[in-house]
Amino acid sequence: MSSSSPSRTHSWASFDGEGSGAPSPAPMSSGGSGGSSSSLVSSDASLTPFIKDRVIDGKAVAKTIQGEIASEVSRLKDRYGRVPGLAVVIVGARKDSQTYVRMKKKACADVGIASFEKCLPDTVSQEELLKFVRDFNSDKSVHGILVQLPLPKHIDESAVLAEISIEKDVDGFHPLNIGRLCMKGREPLFIPCTPFGCMQLLERNNIKIKGANAVVVGRSNIVGLPAAMLLLKRDASVTIVHSATQDMASIVRRADIVIAAAGKTELIKKEWLKPGCVVIDVGTNGVEDKTKKTGYRLVGDVDFAGAKQVAAAVTPVPGGVGPMTIAMLLQNTLEGGKRDIEGTGSSSSSSSQPGWKKRAISLARTVAAAAVGAWLAGGRGK
Ligand SMILES: Nc1nc(=O)c2c([nH]1)NC[C@@H]1CN(c3ccc(C(=O)N[C@@H](CCC(=O)O)C(=O)O)cc3)C=[N+]21
């Protein structure tokens, strides 16, 4: 199924944990089970500022958010003479990774966030790579560390990600962040960028999440699972479907909100969609296209043209979730920077505690994290 993808195949699929053999979903029985279709998307255009002709303009949402970030960064700079910093570690010479990293650096520059890059050859040893992560962990001007995935085979990805200090885990991939994300009444330090971006696309267009039937296609740690948890936190009824799901089509057909994160080119067809639903397409699959100078073009996990005919709103690829991933990376880096620079320990959205209490919690967290770090380091016999 993924055979048509040229060099730039990985998209989210290779770290989706789904393997390549998704079952062929059964074709839809006629008609479909409709259900109530009181719309989740307002007919008042002022409430859906980023939706035009049923297409959600992710680029425009990202631009708005980046504007907000830029003004926060300049406020920090004026007031404290410091700006947030993002460190990106890239291993090897994958074309796609280089493209993404270049985009991230440019986005940092656009909003005034400092960026630091470490390019390592794909022959780098795990120990050397860990050393660079540790250096960034202790670098005061770095508030976010991103190790570009996927990593070469000889490197243990989870060991590298676990080395990133939780205070700087702007990808939100640390198990403690994911654990908190999954728990009622708890907040992670960082929300994984892509699912965070999906939620922003819904929220900034006032799409009703509470009580909606949401179906997430794909269960990766990076997208599917956290997206499902975020929807649940916003009171959706959530179903996750994946490569072992039977009759995926009929489950998707019940969804008011579909998040497609399977990493399979145009897996989701028009007939799978309930009329009036909202579709967020996370897929970025490269398919061969000789007419492009790069030799490929990007296609989502959803048949976009078909979806546009039945859905109330759908994200395009490119120009949908992709730019949001980068915007939320900047948002997380800003958040990390603010916690350090302003001494606010908890995420601003998570509590209404007074400043002194936040700072006390922050201090306690820092001390606890240092203690745990020292303990782990000792335990590993360093
Ligand atoms: N540690 C880590 N964190 C990541 O967040 C991470 C990663 N590793 N590895 C690779 C994936 C992929 N990813 C994308 C970011 C932006 C676009 C994006 O902006 N795409 C544009 C198109 C870009 C183009 O034309 O090539 C769009 O959809 O409009 C896509 C994909 C982040 N990833």
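How many residues does helix H1 have, and what does H1 reach from its first C-alpha to its last?

Analyst: Helix H1, residues 58-80, has 23 residues and reaches 32 Å from its first C-alpha to its last. That is close to the 33 Å expected at 1.5 Å a residue, where the expected span is 1.5 Å times one less than the number of residues. Helices (H or I, at least four residues) and strands (E, at least two) are DSSP runs, numbered from the N terminus.

Two conventions apply. Residues are numbered from 1 along each chain as its sequence is written. The model is predicted: local features need pLDDT of at least 70, side-chain atom pairs count only at pLDDT 80 or more, and totals for chains, interfaces and linings use all residues.

The buried residues of H1 are Gly-58, Val-61, Ala-62, Ile-65, Ile-69 and Val-73. Buried means that 20 or more other C-beta atoms lie within 10 Å of the residue's own; with 12 or fewer a residue is exposed, in between it is partly exposed, and C-beta atoms are placed from the backbone. These residues of H1 pack against strand E2 (55-56) and against the helices H2 (95-111), H6 (193-203) and H10 (321-342). After H1 comes Gly-81, with a positive phi near 65 degrees.

Arg-54 is not a glycine, yet its phi is positive, about 70 degrees. Most residues other than glycine have a negative phi, and most peptide bonds are trans. Arg-54 counts as partly exposed because it has 16 C-beta neighbours inside 10 Å. Asp-247, in the loop between E7 and helix H8 (248-252), is also not a glycine and has a positive phi of about 50 degrees. With 15 C-beta neighbours inside 10 Å, Asp-247 is therefore partly exposed.

Two of the helices that H1 packs against, H2 and H10, also contribute to the ligand shell, as does strand E5 (144-147); each supplies at least two residues. H10 gives the most, with four residues. In total 18 residues surround the ligand, and the closest are Leu-149, Pro-318, Gly-319, Gly-322 and Thr-325; a residue is near the ligand if its C-beta atom, placed from the backbone, lies within 6 Å of it.

The peptide bond from Leu-149 to Pro-150 is cis, with omega near 0 degrees, and Pro-150 lies in the loop between E5 and helix H4 (157-163). The bond joining Val-317 and Pro-318 is cis too, with omega about -5 degrees. Pro-318 belongs to the loop between strand E12 (313-314) and H10.

As for annotation, an unreviewed UniProt entry assigns residues 56-171 to "domain: Tetrahydrofolate dehydrogenase/cyclohydrolase catalytic". UniProt positions are given in the numbering used here, feature names are shortened, and annotations may be inferred rather than shown by experiment. The span 56-171 is 51% helix and 16% strand, and its end C-alpha atoms lie 24 Å apart.

For the chain as a whole, there are 11 helices and 12 strands. Buried residues make up 44% of its 382 residues.

How values were computed: Contact = placed C-beta atoms within 7 Å.
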